[in-house]
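Biologist: Please put the chain up on the screen, and then let us go through it by question and answer.

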Amino acid sequence: MRPSALLSALFAAAVLTAAPAAAQERLAPPPLGDKTNIWLLDLSTGGRVEIALRPDVAPKMVERIKQLTRQHFYDGLVFHRVIDGFMAQGGDPKGDGTGGSTLPDLPAEFNYLPHVRGSVAAARAEKEDSANSQFYIVFQPRFSLDKKYTVFGRVMSGMNYVDAIERGEPPANPSRIVHAYIASDNPPAYQPLPAAAPATLPTLPGTTPTLPGTGTGTGAATPPAATTAPAPRAKPAPRRR
């Protein structure tokens, strides 16, 4: 056999051998209507967010989300780091970015899913195998994070409630997850938080009520001194401290 013919034969054999392995790298995603893989987040911003989970590309992280959700781990947790035009990060029981669940950290499951609007991914520390319970939802595409963080789902509906999450690092009045559910567990319909009772000010005889910092009324409080706003910071990637 001539050298050129031999090389052609070897190349064809290599392609045939590699093709099945390449095909196995991408499993079929679950159907969009598969309730066992729909994560529901009822947010304090006014509604329910439906997230399609992707166990085909991040089975360990998806299983962790399901496990913690069914333990009611996420109920009441705040979005502690929210950067406008970037992402909202939550899932930390400490509320400051340093916490996680009592379960062990997970190995990285970096995959081909891009960081597009509505993508949901696992936050981690510097170590790649350090994802645990924290996650973030992307406001705007951030392709520089692709294959560096584990994307495990995407918002299907309710993105307007994600957009309404209070911004800040940390936010002054953080938005929170009221309840989290897996759709197949027959959760109740979304119920808004009860309205806070209006504050009442005590009134002593011969005085008028004073709102803090207004400088009006009898015995008015002194308005707080103005503070200088901090300089803008760079927008770092989602992380666990």
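Biologist: Which residues of strand 5 lie on one side and which on the other, and are they buried or exposed?

Modeller: This is a predicted model, in which local features need pLDDT of at least 70 and side-chain atom pairs count only at pLDDT 80 or more, while totals for chains, interfaces and linings use all residues. Residues are numbered from 1 along each chain as its sequence is written, and side-chain values use heavy atoms, with hydrogens and water left out. Strands (E, at least two residues) and helices (H or I, at least four) are DSSP runs numbered from the N terminus, and buried means under 20% relative accessible area, exposed over 50% and partly exposed in between, with a 1.4 Å probe and protein chains only. Both faces of strand 5 are covered, and buried are Ser119 and Ala121 on one side, Val120 and Ala122 on the other.

Biologist: In strand 7, what is the bridge partner of valine 120?

Modeller: Two strands pair if DSSP finds at least two bridges between them, and strand 5 and strand 7 pair in the antiparallel sense over three bridges. In strand 7, the partner of valine 120 is glycine 153.

Biologist: And in strand 6, what is the bridge partner of alanine 122?

Modeller: Strand 6, residues 135-138, also forms three bridges with strand 5 in the antiparallel sense. Within strand 6, alanine 122 is bridged to phenylalanine 135.

Biologist: Against which strands do the buried residues of helix 2 pack?

Modeller: The buried residues of helix 2 are Met61, Val62, Arg64, Ile65, Lys66, Leu68 and Thr69. Taking contact as heavy atoms within 4.5 Å, these buried residues pack against strand 1, strand 2, strand 5, strand 7 and strand 8.

Biologist: How far apart are the end C-alpha atoms of helix 2?

Modeller: The expected span of a helix is 1.5 Å times one less than its number of residues. For the twelve residues of helix 2 that should give 16 Å, which agrees with the end C-alpha atoms being apart by 17 Å.

Biologist: Is threonine 69 buried or exposed, and what is its relative accessible area?

Modeller: Threonine 69 lies in helix 2, residues 59-70. Not counting residues up to four places away in sequence, threonine 69 touches Trp39, Tyr74, Ala180, Tyr181 and Ile182. Threonine 69 is buried, and its relative accessible area is 3%.
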